[in-house]
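This report is for a reader who meets the structure here for the first time. Please look over the sequence and the model before reading on.

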Amino acid sequence: MGKYSVFLYDNIGNTYERKNKYLLELALLDEKIKSEKDNVIKQKLKKERREVKRNKGNHSYIISLRDYEKKEKEFLNELKRSKKVYIKELKEDKTNRKLIGLKTRLFESEKKLTFYKEYIDLSYDAEFEYRKANLDSIHLPKIIEFFVEGQKELNIALNEKEELKNLDEKDFKNDFKKFKVSQKEIFKNEKLRIKKLRKEGLISKKAEENGIKELKKKYENALEIKKRESKKFANKEFIKTKKYELKKDLKTMTKVLEADISDFRRKTPVEIEKTIPYYSYLTILIPGLGQGLNKQYMKMFLFFIATLFIYLVAIPYALGYGNYQGQGIAGLINLAEGGLRIHKSIIFLIEGIVAVFLSIIAVVMLIISFIDAHKVEKNVIKGIRPSNWFETRMTISEDGFPYVVSLPALLIIVFIVLVPIMTTFLLSFTNMDPQHQSKFTWIGITNYKMIIMGEGLAGRVFWLILGWTVIWTLAATTLAILIGFVLALLVNNERIKGKKFFRTIYLLPWAVPAFITIMFFSIMLAPRGVLTEIINNIVGMKIEIKNDPTLTRIALILMQGWLGSSYIFILTTGVLQAIPGDLYEAADMDGATAWDKIRRITVPLVLFQTAPLLVTQYTFNFNNFSAIFLFNGGGPFDPIKYGNLAGSSDILISYIYKLTMDNQYQAIGAAITMFISLGLMLFTFIGFKNSKQFKEGRL
Amino acid sequence: MMKRKENKEKLYLSDKPPLTLFGKIGIFITYVILFAWVYAIIWPLFQMFVSAFNGKQQQYIMANSNFEFSIRHFQYLFTETLYLTWVKNTLIIAGTTAILTLIVVSFTGYAYSRYRFKGRNASLMAILLIQTIPTFAGITAYFTMHSIVSAIIPQFSRQMMLILIYTGGAIASNTFILKGYIDSVSTELDDAAKIDGCSNFNVYRLIIMPIARPMLTIIALWSFIGPFMDYLLAKVLLTSPQSYTLAAGLYTLVTDFRTMNQPAFAAGGLLTAVPIVILFIALQKQLVSGLTSGSVKG
């Protein structure tokens, strides 16, 4: 049995006296019982309390409350009837629709004002209704007057427009033309004057530009003002502004009214007999119902959409209804085992994952709805009046804003990024290979075991490839960084002329799409290619780069150095230009040599600024599929050492490509993918954890 | 009068100390290195240029001292291959990707920069980690997802799938970049606007978006250029030459024996590269600033 508190609270924490005398009596008794130490008296008080409760129907306050409720019902019915009549009258007068709304509201509020006034002291509900009506009756006449006045002016203007329709403003047009010519003359003269000033070197180029801009604006303004002398034009402009004003100001005024009302709502508590929230628990499975019981009808409507989603989309899908082929979450476990011939395990897998994600969304919706309904219900018991739609809308647009606007991103990330990644993750625990394309089963961590132990057809070469991948990543990236950095230092030397030229040329390897340059390098290094011939001439014998593993690897590293240096060069140049010159001057004074300056000032500063980007360069090359695949297709092939699945210049990502796309070893490819991804994530995570931003919590 | 002022003997006016002999040799070596690298960059590109215009080149590009100016490779490109279709496809895919990315990212970047909401830091961390996983990781799923969706909605083409994948891949990193940029804009502007009665959306539309426009331009540009550069996904997902993008299409000119024509590839590569290079040179500064400010600074 719940206890009543003597006072009511609103959501700012103000206390209010109870108006419900019956509840007050109970609350006072509750308080006495609590503070009473003597057990005998306590029992007596408890008995008294039970007595009061039993005689609720005869309590004087309850009787008057019942009376009020009855009268209110009658009053509201009566109001409804008279409202209908009133609206009919207004409609017969051909009143504007907006105006009808405003006027009926005013009509209602006046009636309510007189009715509820008598009951202010009886209940807070009545007081709230009274205050609401009071505000309406204060604000609405002003709004209506504003609207009527505006409409009147607009009508006059519109009538004028009709009259002006046939007016031929010949005089004005001539006048305007003359005016335009004269203004243009002034504009031209002024412009010439400014240009002359510039020629004489009295003003800067910037000043010249600004001066001309200003003149142009002046000229345009003069024409705009002159235009208004035309009656037609002025009339048109007036109508436009008036319409806008009517729309916007009306909105603002109603908003002010609503805000005032919700102010009162916050200060007017609510009083109920209930002491324990229960229906938010009962309605937990049907979002919207709890909100409805809280009398927040618009909110209820919104949450009912969630209900529809849960019961018509998420749950049926998870149970296998409405699936394309799969069986919802169950399909995730059986993977179409024993199913029809056309049933594919992979489809069952993906639909299972989608079902899981939909279920998660459904559960989140249920939780949000419950928290909302429960909070409101609990607050009502405390005395806080539930917020109305106007306030809820404000809250959504304030606190809900980040959630609402991130929703599209969330959906795309879930279905385009997370679902595929989850698929790959789960796939790595299956045996999807050339023999098990349509139907495959769970096989646990066998794939990972094979990779780590270096066993099996696909796992055998894993460590070999990983080794080359690491060498490739380190060598190619470091080479690119070194070239780019040294070049940036050299070009940035203040005695070097033609900086712009060098910077533009050095930009090229980055600007030309990489796939084009890689393919062209591949062409040039092919047997009888341009570069091959040159190299052959220098060395003096015939060598075929693309058939020699070591030479291919060296060529790849050099090529990536060529490609990647450009980006580093540009990055470093940007940082170098931002280093303040006085640092170097100070170093000069202290007698530092050029080498000292580079070692102690330039390198640390550049490294500090670009470190995260350099790290991404390493991860980029780790996954640089294009360079490897487009240059030589991962070749040359060396079946004795590498088997049939990979070539000797393959890195992990191109190996995965060959496994999944060319040879259909999807499962083991997925396992390697997960291996790489985890490594990269760890790498990034550690790097990020150590960053200053994260440590200072300024995420 | 002016002439008299001119001194025949040049005065040393620089505020730098005069160069020693050692310094002069240093400068000379620097120039040599710089020009050597200029040569290293220009030479391969020049070779591509020459091969594209060399009428003497046959199916394979060979070391060849003969040169005869001709545009027949370009003619081949336009008449015998689907080059123009590929250009059109790439433009459509790139354009849609850029627009979608821009819409989605501009909201998330703003929200993450300006609001402290529940789950913000956790999701930011998640975004950061997710973006390290190569898009290629989900390739098996993309195939199946496409076949499922297109069985239900036949209009859902592989190109649309590609657009969605590009967009999904661009959201994470670009949200970070934009967030970093908006972080640097003072919140006093927002507060002032809010006091004057701007809604959240209007604060974004009227205050933040104009200020962030340079960064938004860069994001749009990067996501526009991305599909031009990507070869892997286009090759894997798109199956018919009719639907290829430039990268996938040009690749067929180098690998497929039936359509092999390397000079035509050079010509096509040249035509593709030139606009992008011009774009890069013109917008050098902005592109670079986009790179640096997007990083999580140490």
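This is a predicted model: local features need pLDDT of at least 70, side-chain atom pairs count only at pLDDT 80 or more; totals for chains, interfaces and linings use all residues.

**Chain A: domains**

The domain assignment divides chain A as follows.

| Domain of chain A | Residues |
|---|---|
| domain 1 | 172-229 |
| domain 2 | 279-427 |
| domain 3 | 461-664 |

Taken over C-alpha atoms, the centres of domain 2 of chain A and domain 3 of chain A are separated by 48 Å. Over residues 466-687, chain A is 78% helix and 0% strand. The end C-alpha atoms of that stretch lie 22 Å apart.

**Chain A: helix α3**

Helix α3 of chain A covers residues 60-92. Its length can be checked against its residue count: at 1.5 Å a residue, the 33 residues of α3(A) should span 48 Å, and the end C-alpha atoms are 48 Å apart, so the two values agree.

How many of the 33 residues of α3(A) are buried? The count is 0, and α3(A) is hardly covered. A:Lys84, which has its place in this helix, counts as exposed because it has 11 C-beta neighbours inside 10 Å, and the cut-off for exposed is 12 or fewer. From C-alpha to C-alpha, A:Lys84 is 9.2 Å from A:Thr104, while the two are 20 residues apart in sequence. After α3(A) comes A:Lys94, which has a positive phi, near 55°.

**Chain B**

The secondary structure of chain B consists of 14 helices and 0 strands. Chain B has 298 residues, and 42% of them are buried. Among contacts in chain B with a separation of 6 or more, 70% are accounted for by residues 24 or more positions apart.

**Contact between the chains**

Which chain gives 81 residues to the contact, and which gives 74? Chain A gives 81 residues and chain B gives 74. On the side of chain B that touches chain A, helix α2 (residues 21-53) of chain B gives the most, with 13 residues. The residues on this side of chain B divide into 54 nonpolar, 19 polar and 1 charged.

Terms used
Residues are numbered from 1 along each chain as its sequence is written. Chains are lettered from A and ligands numbered from 1 in the order in which they are written. Helices (H or I, at least four residues) and strands (E, at least two) are DSSP runs, numbered from the N terminus. A residue is buried if 20 or more other C-beta atoms lie within 10 Å of its own, exposed if 12 or fewer, and partly exposed in between; C-beta atoms are placed from the backbone. Two residues are in contact if their C-beta atoms, placed from the backbone, lie within 7 Å. Ala, Val, Leu, Ile, Met, Phe, Trp, Tyr, Cys and Pro count as nonpolar, Asp, Glu, Lys and Arg as charged, and the others, Gly among them, as polar. Domain bounds come from an automatic or database domain assignment. The expected span of a helix is 1.5 Å times one less than its number of residues.
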